[in-house]
Amino acid sequence: MAILEVHDIEKHFGATHVLEDISFSLEQGQALAIIGSSGSGKTTLLRCLNFLETPDRGRILVNGETLFDAADPRTQLESEIRKKRLHFGLVFQNFNLFPQYTALQNVTLARELLAKERGGESREAILEAGKALLAQMGLADRASHYPHQLSGGQQQRVAIARALALQPDILCFDEPTSALDPELTGEVLRVIRGLSEQRTTMIIVTHEMAFARDVADQVIFMDGGVIVEQGDPRQVIDHPREERTRQFLSRYEEG
């Protein structure tokens, strides 16, 4: 059984058709890379999967459970959506760390709030888990630092640790290196590569073509809100079948 099934997702903003008939599946431990030009619908798709946007049509299933069905209003209740967001972790382009909190506090805050709401974990256990995640990111000595004391690459690694803290089924990245200087991009990509080697289930919206080819198990190329081509990364990126994919990749290589 696929860990994630997406069926016929559509999304409109006014008269603009942003997503149309988006369907794909993802197996446990796989990494999916989504590529395409700005405005092709990649970020909107991630926001729909994380229930930050509500699709106008379609269904989203995780581990066989229907989390969203546009035809079933019961799946769209805010009380239900809050629970369903826990299946996904999202790492934003621009880090989105809380400036008034330390790295460790940024990582543990959501888990502490959830523990207060539902009970179970002690604060000590949450702090230890947060420290372990920062150590996994190579930031054990930065736990007490505030975001303004960290480089962009370090801030993004804190954001990754924060997304992992709630132990999501699927970790999503929205162009995680686009706000970084080139010399800092490598450290974040190394962390994502390490997560892939640990068989973390991931969806990565990226403009790093070589990285997508080497790390992903499958690639989707989007254009104009539709999936133009999807399949094995080396086939899609090195030997695309669709003319639109070839045009995009050739312009990218020229850039």
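Cys 48 is buried, with a relative accessible area of 1% (buried means under 20% relative accessible area, exposed over 50%, and partly exposed in between, with a 1.4 Å probe and protein chains only). The structure is a predicted model, in which local features need pLDDT of at least 70 and side-chain atom pairs count only at pLDDT 80 or more, while totals for chains, interfaces and linings use all residues. Residues are numbered from 1 along each chain as its sequence is written, and side-chain values use heavy atoms, with hydrogens and water left out.

Cys 172 is likewise buried, at 0% relative accessibility. A disulfide is a covalent bond between the sulfur atoms of two cysteines. The structure holds 0 disulfides, a disulfide being counted as a pair of cysteine sulfur atoms within 2.5 Å. For Cys 48, the closest cysteine sulfur is that of Cys 172, and because the distance is 12 Å, it is too far for a bond.

An open sheet contains 6 strands in the order β6-β7-β8-β3-β9-β10, and its pairing is mixed. Strands (E, at least two residues) and helices (H or I, at least four) are DSSP runs, numbered from the N terminus; two strands pair if DSSP finds at least two bridges between them. The edges are formed by β6 (88–91) and β10 (226–231), each of which has a single partner strand, so one side of each is left without a neighbour in the sheet. From one strand to the next, the twist averages 20°.

Helix α5 (residues 152–165) lies across β6 and β7 and runs at about 170° to β6. Axes are lines fitted to C-alpha atoms, for helices over the stretch in contact, and angles run from 0 to 180 degrees between N-to-C directions.

Strand β9 (residues 218–223) is mostly covered, with 5 of its 6 residues buried. β9 pairs with β3 in the parallel sense over 4 bridges, and Val 219 in β9 is the bridge partner of Ala 33. β9 and β10 run antiparallel and are joined by 5 bridges; Ile 220 stands opposite Gln 230 in β10. The hairpin of β9 and β10 has 2 residues between the strands, and Gly 224 takes a positive phi near 60° there.

Ser 37 is found in the loop between β3 (31–35) and α1 (42–49). Ser 37 is partly exposed, with a relative accessible area of 21%. With neighbours within four places in sequence left aside, Ser 37 is in contact (heavy atoms within 4.5 Å) with Lys 42, Met 222, Arg 244, Phe 248 and Arg 251.

Asp 214 is placed in helix α7 (residues 209–215) and is partly exposed, at 41% relative accessible area. Leaving aside neighbours within four places in sequence, Asp 214 is in contact with Arg 193 and Arg 234.

The axes of helix α3 (residues 103–118) and helix α4 (residues 123–136) come within 9 Å and cross at roughly 140°. Residues making the contact include Ala 103, Leu 104 and Val 107 of α3 and Arg 123, Ile 126 and Leu 127 of α4. The two helices, α3 and α4, are therefore oblique to each other; angles under 35 degrees count as roughly parallel, over 145 as roughly antiparallel, 65 to 115 as roughly perpendicular and the rest as oblique.
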